[in-house]
Amino acid sequence: MDVLLMIVYATIALGFLVFIHEGGHYLASRLFGVRVTEFMLGLPGPSVGFQYGETRFGVTAVLLGGYARVCGMEPGEMSPHLAKAMESVYRRGTATMEEVAQDCGITDDEAYEALEELDEWGTVKRPLKSDEHNTYRTPAVRPTRGQIRRAQRSGQPVPQAAEMGAARPLDDPEAFFESEYRQQYRSLPFWKRSVILVAGVAVNILFALMVFVLVYSVIGIDLQNTQTGEVVHRTIGPLQAIQAGFSYIGMVAVAVAQLFNPQTAAETVSNSSSIVGIAVISKTAAEAGFASFLSFMGMLSVSLGVMNLIPIPPLDGGRFVIEVYQKLSKRLVSEKAMGRMSMVGMGLFYLFFIVMVGKDVQRILFGG
């Protein structure tokens, strides 16, 4: 039962914090008109959910983490065959890679690269597991009431519902392609892309500050006099609570920075907690009362936010550093380079994860 409660409390805490973090990315993207095709809690894989507009919301089989699939974040140069490949698929509705290559007068490899990029854009759908060949389809169209109202007010054609794979010949392919491009992350100026990248961290920090104000200024805390044993219930002003929140954020930032100091990295990792330690602490905090559990979520939110600022892909901080490099150098980071950096980053975090799990297990078995 204790283990089950640990899992439940940790899932509630982490699930909510990941939800608001990815929600920050989602809301910032939609604010700038960027398409988001998926908003999921959990690691990529089998999922259940529902479709609203162009976004599928749901949960996956492994409830660790989450993601918002912001379209157009693929690295490197755009394929020069995107417009023709898009027109071919929309004219046919369902088209194999070879058919698109034939329509466009390009090689199969060039067609494959263009179609995969269009899938990243949410403009076409990639092959299904049941397909014998590389078959691509037009996406289903389910216009929301808001989209219909906006089209009517602006005098634009009202979007019509369509099934996935339905043929939709384009009256003006060039205009449609431009419309699709404007809904991509890569079409935005540097400052808007930066806002999307840091929006998740900003939401985590904002939530933590709200928790500090609620706990210390509204609910209050009990302080015990170490000499007399007397317990006094105290509250502080909202400004003081916010100052305390920023002090804690600074402490976490310093601790995370110590990961990059060879003299302090090992100690910092050993003093940190993995998902196992978080589960144990979440149960202890929940049993201590609502205020205690809320405080724990606030502190965990700070850790999640600050950790995501580490300048290593695929974390938000790593993507932001790459955006800064591309802005200053006027050069795009290739897909191969991005893939290698992401592999190194993930390898590093898997190493941290294994070490921290080991430390947590030792604490559970031997105390501390």
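**View A. K330 sits in the loop between α12 and α13 (335-366).** Helices here are DSSP runs of H or I with at least four residues, numbered from the N terminus. Phi of K330 is near 60 degrees, which is a positive value in a residue other than glycine. Heads-up: the model is predicted, so local features need pLDDT of at least 70, side-chain atom pairs count only at pLDDT 80 or more, and totals for chains, interfaces and linings use all residues. Residues are numbered from 1 along each chain as its sequence is written, and side-chain values use heavy atoms, with hydrogens and water left out.

**View B. P313 and P314 are joined by a cis peptide bond.** Omega of this bond is about 5 degrees. To find P314, look in the loop between α11 and α12 (316-329).

**View C. Helix α1 (residues 2-31) packs on helix α7 (residues 190-219).** Their axes, lines fitted to C-alpha atoms over the stretch in contact, are 7 Å apart. The packing angle is about 140 degrees, on a scale from 0 to 180 degrees between N-to-C directions. That makes α1 oblique to α7 (under 35 degrees is roughly parallel, over 145 roughly antiparallel, 65 to 115 roughly perpendicular, and the rest oblique). The crossing of the pair is right-handed; in such a crossing the near helix is turned clockwise from the far one by less than a right angle, while anticlockwise is left-handed. On the α1 side, F16, L17, I20, H21, G24, H25, A28 and S29 make the contact (heavy atoms within 4.5 Å). On the α7 side, look for V195, I196, L197, A199, G200, V201, V203, N204 and F207. Sorted by class, this contact of α1 with α7 has 11 nonpolar, six polar and no charged residues. Ala, Val, Leu, Ile, Met, Phe, Trp, Tyr, Cys and Pro count as nonpolar, Asp, Glu, Lys and Arg as charged, and the others, Gly among them, as polar.

**View D. Helix α7 also packs with helix α11 (residues 290-307).** Here the angle is about 155 degrees and the axes are 8 Å apart, so α7 and α11 run roughly antiparallel to each other. This time α7 passes α11 in a left-handed crossing. From α7, V201, N204, I205, F207, A208, V211, L214, V215 and I219 take part. They meet F290, A291, L294, S295, M297, G298, S301, V302, L304 and G305 of α11. The contact of α7 with α11 splits into 14 nonpolar, five polar and no charged residues.

**View E. Helix α2 (residues 82-92) packs with α6.** The angle between this pair is about 110 degrees, and their axes lie 10 Å apart. That makes α2 roughly perpendicular to α6. By class, the contact of α2 with α6 comes out as seven nonpolar, no polar and two charged residues.

Terms used
Helix = DSSP H or I, 4+ residues; strand = E, 2+ residues; numbered from the N terminus.
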